[in-house]
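Subject: Structure for you to look at

Hi,

Here is the structure I promised to pass on. Please open it alongside this note.

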Amino acid sequence: MLSAALKTEMLAVARAARAAAYAPYSNYFVGAAVLGEDGRIFGGCNVENAAFPEGVCAEAGALSAMVLAGVRKARAVLVVGAGSHLITPCGGCRQKLREFAQPDSFQVLAVNEDGQEQQWTLAELLPHSFGPEHFS
């Protein structure tokens with residue numbers, strides 16, 4: 001379980017990332033914050049491309065920043081999008097997150113513009129997932 005202070009910090013990172021998003025086609029701006037196992041928070045934003053589906057999701061950008069910093073395990077992700085609906089990582093991003101997470105303990109938080117939030121484990125959103133241990 002994440003503390004209220006940590007959630008607040010992750011939300012600030014995700015909102016700042018969302019403000020930097022590049023979404024000229026959908027006008028749907030998304031920000032994400034990934035909490036690395038070392039306690040650092042990494043932000044990412046969606047980056048669209050005229051050649052669909054060549055864009056990058058916010059969660060993938062945050063994971064890339066985490067990996068670039070040398071962190072290989074994540075504890076949580078917080079995603080914030082536009083409007084009153086809560087958004088969760090897409091299927092592809094759920095699998096990308098799975099690469100760096102323990103499904104039963106990894107927290108996925110969604111927050112909308114009104115401040116409403118919901119939380120799941122990655123296992124709840126991606127049951128019976130395929131992960132690195134399957135190669136052992």
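Predicted model: local features only at pLDDT ≥ 70, side-chain atom pairs only at ≥ 80, totals over all residues.

Start with helix H3, residues 91-98. Four of its residues are buried: Cys93, Arg94, Leu97 and Arg98. They share one side of H3, because their arc around the axis spans only 145 degrees. In general, an α-helix has 3.6 residues a turn, so residues three or four places apart point the same way.

What does that side pack against? The buried residues of H3 meet strand S1 (31-36), helix H2 (58-68), strand S3 (74-80) and helix H4 (122-125).

Leu97 is worth a click. Not counting residues up to four places away in sequence, Leu97 touches Val34, Leu63, Val77, Pro89, Phe106 and Leu122.

Next, the cores. The largest nonpolar core has 23 residues. Those touching the most other members are Val34, Met66, Val77, Leu97, Phe106, Val108 and Leu122. At least two residues each come from S1, H2, S3, strand S4 (107-111) and H4. H2 gives the most, with four.

Last, the surface. Tyr22, Tyr25, Val47, Phe52 and Val56 make up a nonpolar patch there. Together they have about 500 Å² of accessible area. Phe52 sits in the loop between strand S2 (41-45) and H2. Phe52 counts as exposed because its relative accessibility is 59%, and the cut-off for exposed is over 50%.

Best wishes

Conventions:
Residues numbered from 1 in each chain as written. Heavy atoms only, no water. Buried < 20%, exposed > 50% of the residue type's maximum accessible area, 1.4 Å probe, protein only. Arc of directions from axis to C-beta. Contact = heavy atoms within 4.5 Å. Core = buried A, V, L, I, M, F, W, Y, C linked by side-chain atoms within 4.5 Å. Patch = residues over 30% accessible without salt bridge, like charges linked within 9 Å, V, L, I, M, F, W, Y side chains within 5 Å. Areas by Shrake-Rupley, 256 points an atom, 1.4 Å probe, with all protein chains shown as cover. Salt bridge = Lys/Arg side-chain N within 4 Å of Asp/Glu carboxyl O.
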